[in-house]
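Subject: Structure handover and notes

Hello,

Here is the structure we talked about handing over. My notes come after it, for reading alongside the coordinates.

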Amino acid sequence: MSNNVTAIVDYGVGNLFSLRSSLEFLGCDVIVTDKKEELINAKRIILPGVGAFEDAVKKLRQTGLDETVTVCAKNGKPLLGICLGMQMLFDNSLEYGNHKGLGLIPGSVVPLKGKIDADLKVPHIGWNKLAYKKDEDLFKYIDSEAYVYYVHSYYADTDDSYIIANSDYSIKVTGAVKNANVYGTQFHPEKSGKHGLLMLKAFCEKE
Amino acid sequence: MVTKRIIPCLDVRNGRVVKGTNFENVKDVADPVEMARIYNDSGADELVFYDITATFDGRKLFTDILKDVASQVFIPLTVGGGINTVEDFDRVLKCGADKVSVNSGAIKNPKLIGEAAKLYGDQCVVLSMDVKRVEGSFRVFSRGGRDDTGIDAIEWAKFGEANGAGELVINSIDTDGVRGGFDMEMLSAIADVTSIPIIASGGAGNMEHFYDLFKTLPRIDAGLAAGIFHNGSVKISDLKKFLSAKNIEMRI
C-alpha cells in the first residue's frame with residue numbers, strides 16, 4: 001500500500017479545523033477520523049486535545065481508539081500528541097485527581113501552579129521562545145530562534161532524556177517530547193505561525 | 001518568558017475591512033483574507049476580527065471569510081461581534097476561531113461569560129469593553145460605543161474575571177481614533193483590580209505609544225490597533241523590532 005496519509009484522531013474533543021487546515025496548507029494527505037481501520041492504515045497519527053484530562057481520556061477510551069493508538073505507536077507508527085494530546089501520552093495526570101494516561105512516555109502531568117513564580121499567570125498563555133535540540137528531526141527545517149504558542153495549566157514532568165524542547169516560564173516548561181517514534185508538543189504547532197508549520201511538515205515526512 | 005503581543009484588529013462589514021474614527025464615518029480599507037495574510041507575514045501575534053454587520057447575509061459572509069482566513073493563517077484568531085449566545089461561540093469556533101470576544105451580548109446576559117467559560121474553557125472567553133469617562137467615572141458602553149449602560153467599568157472587569165473571562169480587551173472610546181496614545185489612566189485603573197491578561201485598545205498613533213504602554217504598564221499584555229496598521233503608517237515588523245531593541249520581549 002502506497003499511501004502517505006496522516007490521520008488526525010477524532011474522538012469528540014475540541015476543534016480540529018485549524019489542525020486539519022494547517023496540514024492541508026502544507027499539502028499533506030490528511031484525514032480526520034474516528035475509525036480504527038483508518039488509523040491502522042495511516043502512515044502516521046496525530047492525537048489532538050483540548051480541555052480537561054479526565055474528560056478527554058474518558059472519551060478516547062469510550063471510542064476504543066486509545067488501544068488502537070497505543071498499538072500503532074508500539075508497532076513503530078509515528079505518533080504526535082498535541083497539547084492535551086501530548087499530556088495523554090504520559091503515565092498519568094494530576095489534573096483534578098490522578099488519571100491514567102496511555103503510558104507511551106514515562107512521566108507525569110503536573111500543575112504549573114506551585115512550581116512557577118507566584119506572580120506568573122496560570123494558564124501559561126501566549127508566545128514563548130522555544131529552546132530546542134538542533135539535531136532533532138522535528139526541528140530540522142528551523143534554523144533560527146523559534147517562538148511557539150502555548151495555552152495550558154499543567155505540564156509534563158519527565159526525564160530530561162525525553163525532552164527535546166522547552167520554554168522558560170520561571171521554570172523550564174516541557175515544550176516538546178520524544179520517545180522513539182512517539183512525539184508530543186505542549187504548544188500548538190498549528191497556531192505557532194511559520195515555525196509551527198515547519199514542525200508539522202517535518203512530522204508528516206516521518207515513516 | 002511570554003512575549004508582549006501586537007494585534008491588528010479587522011472590523012468586517014459586508015465582507016470588507018473597515019475602520020472608523022470614534023466609531024463613526026466608517027471607511028472601507030481592504031479585503032480581510034488578504035490583510036490577514038499580510039499581517040501574518042509581517043509578524044502579527046494574533047488577529048482580531050469583529051463582525052460589524054447586523055444582517056443574516058452579512059453574518060454568513062463573515063463566517064465564510066473566517067474559514068478562509070483560518071485555512072491560510074496559522075496564528076491565534078479572536079472573533080467578536082454579534083456574540084449573544086453559546087451557539088454563537090460554537091458557530092465561530094467551528095470556523096477556526098480560537099477565542100471569542102463578547103461585548104454587548106455579555107451586558108445583555110452576564111451569565112453568558114460563565115456558561116461559555118464552562119463549555120470552552122476560560123482561555124476561550126474574551127470580555128471586550130468599550131469604556132468612556134462619564135461624570136468622573138469609567139462607564140461601559142454597548143452597541144459599538146453608542147449606548148451608556150450605566151455600568152461601572154471597574155466593577156464590570158472584576159465581574160468578568162470572577163465569572164471566567166480569560167482575557168480583557170479594554171477599548172477607550174475617549175482615545176479611540178485620536179492617535180494620541182493609549183488611555184493609560186483607564187488601563188491602569190482596570191489593571192490594578194484584575195489579574196487576567198489585558199489587551200489595550202484605542203489611541204495608538206505611532207510606535208512610541210506602544211513602548212509607553214508596555215514600559216509604563218507592565219501588567220498590560222498586548223496592544224491592539226487598526227487604522228495605523230491598515231494605512232501602513234506603522235508597520236508591524238518595524239514596530240516589533242523597535243520594541244525589541246528597547247528590551248520589550250517580542251516574538252521576532
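This is a predicted model: local features need pLDDT of at least 70, side-chain atom pairs count only at pLDDT 80 or more; totals for chains, interfaces and linings use all residues.

Chain A has an open sheet of 9 strands with mixed pairing, and the strand order is S2-S1-S3-S4-S13-S12-S11-S8-S9. The edges are taken by S2 (29-33) and S9 (146-152) of chain A; each has a single partner strand, so one side of each has no neighbour in the sheet. On average, and ignoring direction, neighbouring strands in this sheet are turned by 30° against each other. Helix H1 (residues 17-25) of chain A packs on the sheet, where it touches S1 (5-9) and S2 of chain A. The direction of H1 makes about 160° with that of S2(A).

Further along the order, S3 (residues 44-47) and S4 (residues 79-82) of chain A run parallel and are joined by 3 bridges. Within this pair, A:Ile46 has A:Leu80 in S4(A) as its bridge partner.

Strand S8 (residues 124-132) of chain A is worth a look on the display. Of its 9 residues, 7 are buried, so the strand is largely enclosed by the rest of the structure. S8(A) pairs with S9(A) in the antiparallel sense over 7 bridges, and A:Leu130 stands opposite A:Ala146 in S9(A). S8(A) also pairs with S11 (residues 163-169) of chain A, again in the antiparallel sense, over 2 bridges. Here A:Ala131 stands opposite A:Asn166 in S11(A).

A helix pair in chain B

In chain B, helix H8 (residues 207-216) packs against helix H10 (residues 236-245), with the axes 10 Å apart and at an angle of about 45°. The crossing of H8(B) past H10(B) is right-handed.

Which residues meet there? From H8(B) they are B:Met207, B:Phe210, B:Tyr211 and B:Phe214, and from H10(B) they are B:Leu239, B:Phe242 and B:Leu243. By class, this contact has 7 nonpolar residues, no polar and no charged ones.

Between the chains

Chain B puts 22 residues in contact with 24 residues of chain A. On the chain B side, these divide into 9 nonpolar, 8 polar and 5 charged residues.

Regards

Terms used. Residues are numbered from 1 along each chain as its sequence is written. Chains are lettered from A and ligands numbered from 1 in the order in which they are written. Two residues are in contact if their C-beta atoms, placed from the backbone, lie within 7 Å. Ala, Val, Leu, Ile, Met, Phe, Trp, Tyr, Cys and Pro count as nonpolar, Asp, Glu, Lys and Arg as charged, and the others, Gly among them, as polar. Axes are lines fitted to C-alpha atoms, for helices over the stretch in contact, and angles run from 0 to 180 degrees between N-to-C directions. Helices (H or I, at least four residues) and strands (E, at least two) are DSSP runs, numbered from the N terminus. A crossing is left-handed if the near helix is turned anticlockwise from the far one by less than a right angle, and right-handed if clockwise. Two strands pair if DSSP finds at least two bridges between them. A residue is buried if 20 or more other C-beta atoms lie within 10 Å of its own, exposed if 12 or fewer, and partly exposed in between; C-beta atoms are placed from the backbone.
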